[in-house]
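I am opening my notebook on this structure. I will look up one thing at a time and write down what I find.

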Amino acid sequence: MNPRPMLAAVALAAGAAVPAAAQDVTLRIQTHYNPEQTSGKLAAQFVEDVETMSGGSIDVEMFYASSVVATVETFDAAANGILDCDMTGGAYQTGKNAGFQFVGDIMGGYDTPYQQLSWLYYGGGLEQAQTLYNEFGMQLIGWWVYGQESLVSSTPIAGPNDLKDWKFRSPPGMETEIFANLGASPIVMDFTEVFTAMETGIIEGTDYSGLSNDESIGLFDLANHATYPGFHSMPSDHLACNKAVWDGLTEQQRRIVEVAMEKLALRSALYFEKANAEAAARLTEKGVTLHDWSVEDRATFRKAAQAAWDVWAGKSPEAKALVESHKAYLTQLGLIAD
């Protein structure tokens with residue numbers, strides 16, 4: 001018997017058992033954070049994790065501070081191939097489809113980043129959101145959620161009654177509707193205008209970020225009241241990639257990016273929980289009053305938020321499906337009544 005055919009068959013079988021080597025790729029990603037910010041540093045760690053775990057088969061070129069296109073244009077730039085991935089947030093895309101509000105900032109929904117991430121991974125959220133992203137040629141890879149934002153004010157905001165006629169800077173969209181329905185006077189303006197507006201009394205407060213970030217940029221030089229822990233807004237920053245680019249990665253490469261993203265989510269939530277607690281101690285000592293709304297007052301805000309959810313749910317089938325998904329999971333967690 002000639003052994004050569006048998007040896008050739010064995011060699012062929014052995015070769016088939018060895019996975020093909022991952023092809024080297026470069027992912028061009030833009031984030032709105034600058035490299036000096038904590039979130040920018042966490043994004044840099046994500047880059048290092050991906051490149052190290054991939055053994056160099058994935059090179060990540062991170063563009064910080066929206067240096068390629070404007071923040072709101074990042075999603076389209078990735079979908080159109082100018083970039084490969086968008087590391088900003090879905091809320092910037094509500095003009096495309098109202099459903100993006102509910103993958104960007106549900107407003108008055110979950111209490112902690114862990115609950116919100118739980119909806120994404122265990123409440124059917126990722127699958128529900130994926131339908132929306134895929135319609136625009138994008139793939140949602142994951143979220144990083146830094147926690148509840150605080151409202152900062154020169155006047156007390158101890159509960160819903162203090163919102164009556166309260167003039168504050170608000171981002172556009174659903175938030176303005178919720179606060180207006182509670183009697184506040186939200187004014188949409190770019191954040192660069194906030195300091196002058198507060199100094200001149202045009203506004204009494206602002207919605208910007210979490211307590212530690214608010215402290216770091218000097219807001220408490222102008223205000224001595226804040227809500228803490230926060231309750232009204234917990235934005236989700238996303239990693240979303242051009243679907244053709246994502247599908248072109250090997251399964252190993254996709255898994256590496258997903259795992260690195262989940263690490264980023266955990267580290268971000270843990271870091272800001274610590275940083276906000278430290279900021280709260282410093283600010284209290286400084287004389288800033290931190291208002292922790294009661295369970296009843298939070299329920300009042302959540303009820304107003306739900307009314308806005310229902311309005312926005314009527315704007316698109318995707319928004320309706322996402323709102324229904326959130327409501328089901330929030331009910332399961334005991335945060336809203338069935």
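What is the relative accessibility of Tyr 271, and how does Tyr 271 count? I found 38%, so Tyr 271 counts as partly exposed. Buried means under 20% relative accessible area, exposed means over 50%, and partly exposed is in between (1.4 Å probe, protein chains only).

A note on the source. I am reading a predicted model, where local features need pLDDT of at least 70, side-chain atom pairs count only at pLDDT 80 or more, and totals for chains, interfaces and linings use all residues. Residues are numbered from 1 along each chain as its sequence is written, and side-chain values use heavy atoms, with hydrogens and water left out.

**Entry: aromatic pairs**

I searched the whole structure and got 14 aromatic pairs. Rings of Phe, Tyr and Trp (its six-membered ring) pair if their centres lie within 6.5 Å; planes under 30 degrees apart are stacked, over 60 edge-to-face, and the rest tilted.

I looked at Phe 100 and Phe 136. Their ring centres are 5.6 Å apart and their planes stand at 55 degrees, so this pair is tilted. The two residues are 36 apart in the chain. Phe 100 sits in the loop between β3 and α4, and Phe 136 in the loop between α6 and β4. Helices (H or I, at least four residues) and strands (E, at least two) are DSSP runs, numbered from the N terminus. Phe 100 is buried at 0%, whereas Phe 136 is partly exposed at 27%.

Next I returned to Tyr 271. Tyr 271 pairs edge-to-face with Phe 272, at 5.2 Å centre to centre and 85 degrees between the planes. Phe 272 is buried, at 3% relative accessibility.

I also found a cluster linked by ring pairs: Trp 166, Phe 168, Phe 179, Phe 231, Trp 293 and Phe 301.

**Entry: salt bridges**

How many salt bridges does a search of the whole structure find? I got twelve. Each is a side-chain nitrogen of Lys or Arg within 4 Å of a carboxyl oxygen of Asp or Glu.

I checked Lys 243 and Asp 247 in helix α10. Their closest N and O atoms are 2.8 Å apart. The two residues are four apart, about one turn of the helix. Lys 243 is partly exposed at 27%, and Asp 247 is partly exposed at 44%.

Then I checked Asp 310 and Lys 327, whose closest N and O atoms are 2.6 Å apart. This pair links distant parts of the chain, with Asp 310 in helix α12 and Lys 327 in helix α13, 17 residues apart. Asp 310 is partly exposed at 43%, and so is Lys 327 at 24%. I also noted a network in which salt bridges with shared partners join Glu 251, Arg 254 and Arg 255.

**Entry: the sheet**

In what order do the six strands of the open sheet stand? I read β7-β6-β8-β5-β9-β11, with mixed pairing. β7 and β11 stand at the edges with a single partner strand each, so one side of each has no neighbour in the sheet. Two strands pair if DSSP finds at least two bridges between them. Strand β6 (residues 167-170) runs parallel to β7, and four bridges join them. Lys 167 stands opposite Ser 185 in β7.
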